[in-house]
Each structure stands twice: as structure tokens, then as C-alpha cells.
Amino acid sequence: MDARDLDIVTIGRSSVDLYGQQIGSRLEDMASFSKAVGGCPANIAIGASRLGLRTGIITRVGDEHFGRFIREQLAREGVATEGVRVDPDRLTALVILGVRDDRQFPLLFYRTDCADAALEPNDVAPELLARTRAVLVTGTHFARPASAAAQRKAMTLARDNGGRVILDVDYRPNLWGLAGHGAGEARYIRSETVTAQFASILPECDLVVGTEEELHIAGGAEDTLAAIRRIRALTRATIVCKRGPMGCVVFPGDIPTRLDEGITGPGFPVEVFNTLGAGDAFMSGFLRGWLRDEPIERACAFANACGAFAVSRLLCSPESPTFAELSLFLAEGSPHRALRHDARLNHLHHATTRRAQATPIMALACDHRAQLEVIAGETGAARTRIAPFKVLAVQAASRVAGGRPGFGVFLDGGYGRDALFAASHAGLWTARPIEQTGSRPLRFEGGGSLGGRLIEWPVDQVVKCLCFYHPDDPLSLREQQEQTLLVAQDACRRIGREWLIEIIAGRHGALADDTIPRVLDRLYAIGLKPDWWKLEPQRSEAAWIAIGETIERCDPLCRGLLVLGLDAPFEALAASFQASAATHWVKGFAVGRTIFADVARDWLSGRIDDAEAVDEMAGRFAALVAAWLGREESVE
């Protein structure tokens with residue numbers, strides 16, 4: 001029995017990529033950037049993991065914020081990080097990239113004495129290589145003696161353990177010292193020295209993958225077929241020639257007289273948006289088939305489809321498809337040449353790559369603004385005291401959480417600014433409202449550009465939007481609110497934020513068993529697919545069952561729904577918790593005024609101090625948590 005628990009370990013570069021967001025601009029004129037994990041081996045480790053392979057990586061990162069980001073993101077992606085060494089003396093590598101047009105993609109490598117370039121043989125642990133069925137080395141890391149020795153050690157260890165060796169030629173002339181810093185986009189400069197280096201590596205490989213230009217440098221010839229023949233003279237490896245929009249050609253054995261007489265994998269007719277990272281996505285897809293001993297033709301289909309996804313999107317590793325995306329695309333294709341405009345694929349990508357989230361979510365909701373202003377007015381307190389009260393609410397939630405996952409808060413960015421900071425430091429799940437309090441028809445707080453405001457929010461804050469919507473509202477009102485919700489969803493998706501729709505129907509009409517299911521059916525029908533729903537308590541188990549069936553039918557990738565409180569007494573909330581157990585789609589609760597309203601009145605009037613306010617809110621929140629957990633135990 002094979003005890004190896006990893007399919008592949010990659011070795012070499014890992015960087016932070018900063019992608020210019022102004023498409024068609026010079027790097028000189030870029031005004032803002034998106035951040036992602038980059039570097040060929042890191043991209044492949046992430047891409048292959050998303051496709052279901054068990055991956056690991058050997059690299060170095062700096063002992064600083066960007067190094068931590070790479071390690072954390074690799075772990076989130078399911079990549080084994082035991083081989084990631086933290087270098088106390090060097091900074092994490094940095095790459096600046098842009099899209100000038102559909103043929104020019106300028107990039108700058110900030111790699112002077114960077115962490116991953118200092119990789120050395122001692123960084124390669126035999127224990128890690130003993131766990132993998134294959135190791136992937138990259139051409140760039142053979143450019144320096146120490147990192148070359150590290151890769152050779154990894155190759156030897158893999159072979160000694162019966163593993164396979166994969167070479168991604170990954171030729172960057174300026175990283176071999178053949179071009180200046182500003183020539184990062186250059187893909188080919190002839191060099192006998194580089195070719196000789198590859199000649200010493202190729203005999204130890206089982207798979208060699210490169211573009212036509214990369215095979216030219218590896219084979220030492222500028223005719224592609226001649227270069228492949230020279231490579232074949234040195235190795236019996238399967239050779240894969242990437243040909244961009246024309247797909248790929250694979251040579252598992254003897255080299256034929258014509259390039260297209262190899263095993264061909266046709267490309268996909270998609271719009272080219274950005275070619276950077278396409279080769280890494282291609283490799284991830286090919287490995288998904290090759291490492292599982294699937295037919296070469298199947299591996300080519302995986303590879304070319306992954307490459308098509310990559311060239312149609314902006315970033316590198318974040319844009320790699322999951323196996324669910326890949327399977328849907330191969331089975332049904334897309335009506336869009338620009339895959340980034342395919343709403344179905346985009347939703348599947350978002351839902352299958354978002355961060356893991358513990359459930360249940362047990363949240364203290366204190367995003368109320370108007371209600372606290374009323375209490376302040378009734379007690380004669382200045383509104384400026386609302387902000388410190390919200391900080392006390394966070395302290396109460398944090399005390400009950402005790403560092404456990406699944407606890408959260410709802411907080412606004414006005415009175416709750418300092419409370420948001422406190423919630424972040426406490427590690428609480430956080431949702432933040434965008435609606436203007438009490439607005440019907442729905443309006444956004446603050447006016448202006450919603451997307452422009454959301455870009456300033458931390459990525460782990462869930463965008464929450466409350467809409468007072470009843471299925472029997474006048475058509476014009478429903479359509480106006482629906483359009484506003486669609487605008488909110490578009491803003492959230494464009495900048496990669498999760499979002500939650502809160503629906504309150506009972507305030508403006510009867511709340512029957514089919515009321516909320518009708519609302520959800522309609523909102524799903526117009527294309528709304530929030531990560532979360534937040535719904536008022538239902539009067540029967542039948543209503544909850546119908547709600548769950550609607551979510552299951554319309555968006556089985558939804559995270560679930562939370563039950564809100566509506567200032568109900570504790571006993572009523574506990575009963576609503578029990579009724580909601582009728583469907584597994586209810587994943588928690590978010591209760592506010594039942595916890596804080598009386599406490600806020602006493603604190604704002606001076607009848608209790610800070611400690612007493614925190615104690616009282618913590619006690620009430622803890623009681624609701626106990627009621628919820630008791631509900632879950634009864635379900636089990």
C-alpha cells in the first residue's frame with residue numbers, strides 16, 4: 001500500500017503579485033493594484049490543489065507581512081506548507097504586473113536578494129519528499145547555484161522514493177541575468193549556457209512542459225521540432241509543447257516528422273485578457289490528468305481548459321478554476337468568449353474558492369443606528385456615546401466566544417468604527433451594513449459609489465444589506481428594490497466580497513408559510529445569489545422546510561441562513577430556534593436588541609457602568625448561545 005499522502009511537491013519561486021487594475025495602462029500610470037500569491041511553483045501548487053490533487057511546496061518567504069500572507073493563503077488553498085521556510089534576513093519576492101493590451105503584459109521582478117532566491121539544499125527535507133509521488137522543479141531556480149542544488153536534491157530524493165520528476169521550463173531570460181530589470185516580459189533570448197544547464201537536468205525527468213520558445217532554449221534549437229528532437233535525445237520523458245490558443249502537442253515516445261503528428265489537444269476559443277499565469281494553470285490541469293494516469297487526451301483537455309480560464313481573467317493563482325468549474329466548462333462550455341463574463345461560472349468560482357467558515361454563526365447584532373439614536377434621545381445622552389457602547393458590545397461577544405470559531409458581530413462603519421477595529425482584533429466573524437437605515441425603497445448609506453466604498457473594507461467583512469421586501473408589494477417597488485440589490489451584488493463580486501441579504505417581509509404584509517419562499521424564488525430568478533441570507537423567525541416548521549427547499553433548488557452552494565431577532569423576548573427566540581431546526585440550511589442566529597436594548601438604556605442614562613454593561617450583555621448573549629447549542633443537540 002502506498003503511504004505517500006501527497007501527489008506532488010513543487011519547489012522554487014513564491015512571490016506576492018501586484019496586478020495593476022487599470023486595463024490598457026502603462027505600469028507607469030497604474031493607480032491601484034490587486035494582491036495575490038504568485039510565482040510558478042506556488043501558482044501550480046494552488047491550481048493543482050483546487051483540481052483535487054494533494055499538493056505541497058518547498059520555498060522561502062520573508063519574516064514579514066507578505067511572507068505571512070503567502071503561508072496563510074497556501075494553507076487556505078489546502079497546500080501543505082511544511083516546506084515553506086521563513087527567512088529572517090530577506091524580504092518576500094515581489095512582482096508588479098499589468099495589462100497594456102491583448103499582446104503586451106509588462107512586469108517587474110523585485111528579486112534582489114529575495115527570500116525564495118536564497119533556497120538551498122538544507123531547505124529540502126527528505127521527510128517531505130518521502131511523502132510525495134512526484135516533484136516539480138522549475139527552470140528559473142536552476143539559474144543560481146544554491147537553488148539549483150536544492151532542486152537537484154529534491155529530484156534525487158523523489159527518484160529514490162520511487163517518485164516522478166516534472167520539469168516546467170519556466171524560462172525568464174532576465175532572471176538568468178540575460179536582460180535588464182525592465183525586460184521582465186521577454187520570453188526568449190538564446191543562451192548556450194542556459195541550454196547546457198537544461199541538458200544536465202533533462203535526463204532525470206519524467207515530464208517536460210514548455211512553450212515553443214521554452215523548448216527552444218531547453219533543446220538549443222530555434223526550430224521547434226528540432227528542439228524537441230534534441231530534448232528526446234537526452235530524455236525519455238513525456239514532452240508537452242504548449243501552443244497558446246492552438247492548444248498543445250504531447251510526445252510520449254518517438255518524435256514524428258511533423259509537430260502536429262503528436263497527441264494534440266485543441267485549445268478553446270476564448271478572449272485573451274491576460275496571458276500571465278496561463279502556463280501555470282495549464283500545468284495544473286495537465287497534472288490533474290497525468291498524475292492520475294488518465295489518457296493523455298484527457299490531461300490535455302484539462303490543461304487547455306485551465307489555460308483558457310487563466311487568459312480570460314486578470315490574476316494568476318486566484319483565477320485558477322476548481323474542479324467543479326473545470327468539469328462544468330468541459331461538459332457544457334460557455335456562451336461567452338470572455339469567460340470572466342459568464343455569471344454561472346463566476347458564481348461557481350466564487351462559491352468554491354471562498355474562505356472556509358465555521359458554523360454555526362452565533363452573532364451579536366449591534367449595527368443598529370436609528371434605534372440607538374432614539375434610546376440616546378430618550379435618556380438625554382449625547383449621540384457620541386453610541387460609539388463606545390458598541391465597543392462594549394464587542395467586548396461582551398468576545399468574552400462569550402472565548403476564542404472559539406463561529407462567533408460574530410454585526411456592526412456599522414459609522415458609530416461602530418472603533419467597534420469594528422475591536423472585532424477584527426478579537427477574531428470575530430463580522431457583517432457590516434450598506435443600507436440606509438429604514439429605507440424603503442432600498443437605498444445605500446452614504447450615497448455615491450458603493451464599489452468605491454467597499455474597496456476600503458477589509459476582505460473578511462461580510463457585506464450585509466437589509467431590504468424590507470414583501471412578495472405582494474407593488475410591482476414598481478419590487479422592481480426598484482431588486483435593481484438596487486443587483487447593484488450591490490455586482491459591487492461585491494467585482495471586488496471579491498461575500499455578502500448577506502437580510503429580508504424582513506412581515507413588517508409590510510402578512511407572513512404566511514409561503515411568503516419568504518416566494519421572496520427567495522423571485523430574488524433567485526433575477527440572478528441574486530448571496531453567500532448568506534438573514535431571515536425573520538417563521539411561524540411553523542413547514543415554512544422553514546419550504547425555505548430550505550428553495551435554497552437547495554436555486555443555489556445549493558449558498559452558505560446558509562441566519563435567524564434574526566426582531567427584539568423578541570428570550571422565550572420566543574428560543575422557540576424560533578427550535579422551529580428552525582426543520583431545515584439544515586439554518587446555520588445560526590444574529591440577535592441584537594434582545595441583548596443590548598435595555599442595557600444601552602441603563603448605560604446611557606448612567607445607571608450602570610462599563611463593566612456592568614459588558615456583564616449583562618455577555619450573560620444574555622451566552623443564554624442565547626446555550627439555547628442555540630441545545631437546539632443543535634436536539635437535532636443530533
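A helix crossing is left-handed if the near helix is turned anticlockwise from the far one by less than a right angle, and right-handed if clockwise. In this predicted model, α6 passes α7 in a left-handed crossing. The crossing of α8 and α9, by contrast, is right-handed. α6, α8 and α9 also each supply at least two residues of the lining of the second largest pocket.

**Helix pair α6 and α7**

- Two packed helices are described by the angle between their axes and the distance between the axes.
- For α6 and helix α7 (residues 224–234), the axes come within 8 Å and cross at roughly 50°.
- That angle makes α6 oblique to α7.
- On the α6 side, the contact involves Glu212, Leu215, His216, Ala218 and Gly219.
- These meet Thr224, Ala227, Ile228, Arg230 and Ile231 in α7.
- By class, the residues of this α6–α7 contact divide into 5 nonpolar, 3 polar and 2 charged.

**Helix pair α8 and α9**

- Helix α8 covers residues 278–290, and helix α9 covers residues 296–311.
- Their axes come within 7 Å and cross at roughly 155°.
- Angles over 145 degrees count as roughly antiparallel, and α8 and α9 are therefore roughly antiparallel to each other.
- α8 brings Ala278, Ala281, Phe282, Gly285, Phe286, Arg288, Gly289 and Trp290 to the contact.
- α9 brings Ile296, Ala299, Cys300, Phe302, Ala303, Asn304, Cys306, Gly307, Ala310 and Val311.
- The residues of the α8–α9 contact divide into 13 nonpolar, 4 polar and 1 charged.

**Second largest pocket**

- The second largest pocket has a volume of about 1,100 Å³.
- It is lined by 36 residues.
- Of these, Arg187, Thr211, Gly244, Thr275 and Ala278 are the closest to the centre of the pocket.
- Ala278 also takes part in the contact of α8 with α9.
- Helix α6, which spans 212–219, is one of the elements that supply at least two lining residues; α8 and α9 are others.
- The lining divides into 14 nonpolar, 9 polar and 13 charged residues.

**Cavity**

- The count comes to 1 cavity of 30 Å³ or more.
- The largest cavity has a volume of about 130 Å³.
- Of its 15 lining residues, the closest to the centre are Arg13, Asp17, Gly39, Asn43 and Arg172.
- α1 (40–50), β6 (93–97) and β7 (107–110) each supply at least two residues of this lining.
- The lining of the largest cavity divides into 7 nonpolar, 4 polar and 4 charged residues.

**Backbone features in loops**

- Threonine 359 and proline 360 are joined by a cis peptide bond, with omega about 5°.
- Proline 360 sits in the loop between α11 (343–353) and β14 (361–365).
- A cis peptide bond also runs from arginine 440 to proline 441, with omega near 10°.
- Proline 441 is in the loop between β16 (429–433) and α15 (450–454).
- Aspartate 113 is not a glycine, yet has a positive phi of about 50°.
- Aspartate 113 belongs to the loop between β7 and α3 (126–129).
- β7 also contributes at least two residues to the lining of the largest cavity.

How values were computed
Residues numbered from 1 in each chain as written. Predicted model: local features only at pLDDT ≥ 70, side-chain atom pairs only at ≥ 80, totals over all residues. Heavy atoms only, no water. Axes fitted to C-alpha atoms, helices over the stretch in contact; angles between N-to-C directions. Helix = DSSP H or I, 4+ residues; strand = E, 2+ residues; numbered from the N terminus. Parallel < 35°, antiparallel > 145°, perpendicular 65-115°, else oblique. Contact = heavy atoms within 4.5 Å. Nonpolar A, V, L, I, M, F, W, Y, C, P; charged D, E, K, R; others polar. 1 Å grid on protein atoms, 1.4 Å probe; cavity = no way out; pocket = protein on both sides within 12 Å on 5 of 7 lines; lining within 4 Å. Points joined across faces, edges and corners; volume = space filled by probe spheres on them.
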